[in-house]
Amino acid sequence: MSAREVTSDAVGYVGPGLVVRGRVSGDGDLRCDGTLEGSVALEGALVVGGRVVGPVRARAVAVEGRLEGAVTAGELNVLAGGRLVGDVRATRIGLDDGGSIQGTVDMDVDLPLGEGDAR
Amino acid sequence: MSKQKPSLIPAGVRVDGEIEGEGDLIVAGHVEGPIRVDGTLVIEEGALVRGHVHGRTVTLRGALKGDAYADEAIQVQATGRLVGDVTAPRVRVVPGAKFAGQVHVQALEVAPPLRSYDPALHTFTGLPSPEPISPELARGVSIRGEPIPVDTIPAPAPKAPKPASEDDEESNATTQQFRTAEPPPRERPSRRREIETAPTQPGPAEAEPEAVDPETLEPALTIPAPAPKRRPPARMPRVGRVRGEHRTPRG
């Protein structure tokens, strides 16, 4: 499943007006249309529709908004309008026309992730 | 609920830190830290929140270790478990809920201080279980970490230490688990003194947690309506009236 296709029943959601500061971890998927300041470690996918500041580690990451921080992911997609500022370690990377990545991309790395990560 | 899609912390997701902002929030996972939203806050069955919470309305179906504040109403449903105090103009505790703490049926005059978030405790690796709230932070620091002038700290903040006998006789395993993580008792006036200085309570027999059997914590606990002179301001919509069938029998 790519980060574009988050279909889990219980997708976590941070609404546009909400701010979360701290560490978010778990095995679910999360969509952030608000602000998340801190670290994110998810077994599932993270969709950044709003703003995320901090290191992110997830199985899949999709950036539609703005993400500032290092990303470690099985798959990263920066969609049109998305902006990523930070270094990337991922096995698959997609950058749409209109999206941007500012930072170092490293794809040749053994990921500190669990199952569901190898492709 | 507002028309905006509510935020959700789903089961299986844990947040160590603070959550605040606009809109409604549903917590089905685990939150270690304070929560403040201007909409409805729902703590679902199976969820755990350790930290003070504040919402326009608060509905508790899961477990909360911390104080609950609401601008309008607090409901502790039958599956709810609460170790902490509740403060709201309307409070409803459904029989079956487990509750240990004090009840303040009164309007919030200022936003209550919540536990401050200390990023040093929540690093990306090697996260220990967060330490209990320090009394200083719990009383004197806002959710943003800004000091609050002492004179703006709301009246409901003082609480009496829980009676030792209540802890000793506590038989509910889950609640006992919460108790073990209890932060050190805050320095605050005794319960007796609070009764004397809080004439808003219609009667100690009704308003005090003694109405709950300390061994079973099976509360036929009902919160009486506030005294007329302490009714919330007219601008406060009235929500969640205390139901008559849950009212503690008089006499």
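Predicted model: local features only at pLDDT ≥ 70, side-chain atom pairs only at ≥ 80, totals over all residues.
**Ground rules**

I number residues from 1 along each chain as its sequence is written, with chains lettered from A and ligands numbered from 1 in the order in which they are written.

**Chain A, overall**

I looked up the secondary structure and got zero helices and 13 strands for chain A. Helices here are DSSP runs of H or I with at least four residues, strands are runs of E with at least two, and both are numbered from the N terminus. Read along the sequence, the pattern is β-β-β-β-β-β-β-β-β-β-β-β-β.

Of the 119 residues in chain A, 53% are buried (under 20% relative accessible area; exposed is over 50%, partly exposed in between; 1.4 Å probe, protein chains only). For contacts (heavy atoms within 4.5 Å) between residues at least 6 apart in sequence, I find that 12% join residues at least 24 apart. Chain A exposes about 4,900 Å², with 43% of it from carbon and sulfur atoms; the areas are Shrake-Rupley values with a 1.4 Å probe, and for residues only the protein chains shown count as cover.

**Asp29(A)**

I went to the loop between β2 (18–26) and β3 (30–32) of chain A, where Asp29(A) lies. Asp29(A) has a relative accessible area of 6%, so I put it down as buried. What does its side chain reach? I find the backbone nitrogen of Ala45(A), at 2.7 Å.

**Chain B, overall**

Chain B comes to five helices and 15 strands. Buried residues are 55% of its 251 residues. Among contacts with a separation of 6 or more, residues 24 or more positions apart account for 38%.

**His52(B)**

His52(B) sits in the loop between β7 (48–50) and β8 (53–60) of chain B. Buried or exposed? His52(B) counts as buried because its relative accessibility is 2%. Its side chain reaches the backbone nitrogen of Asp67(B) at 2.9 Å. I also checked His52(B) against Tyr69(B): they are 17 residues apart in sequence and 7.9 Å apart in space, C-alpha to C-alpha.

**Where B meets A**

I count 25 residues of chain B in contact with 26 residues of chain A. The two chains bury about 2,000 Å² between them, 56% of it on carbon and sulfur atoms; buried area is the accessible area (1.4 Å probe) that two parts lose on being put together, summed over both.

There are two salt bridges between the chains, a salt bridge being a side-chain nitrogen of Lys or Arg within 4 Å of a carboxyl oxygen of Asp or Glu. One of them joins Arg21(A) to Glu18(B), with the closest N and O atoms 2.5 Å apart.

On the side of chain B that touches chain A, β1 (7–9) and β2 (13–21) of chain B are the elements giving two or more residues. β2(B) gives the most, with nine residues. I sorted the residues of that side into 12 nonpolar, six polar and seven charged.

How values were computed. Heavy atoms only, no water. Polar contact = N/O pair within 3.5 Å; in protein donor to acceptor, adjacent residues only side chain to side chain. Nonpolar A, V, L, I, M, F, W, Y, C, P; charged D, E, K, R; others polar.
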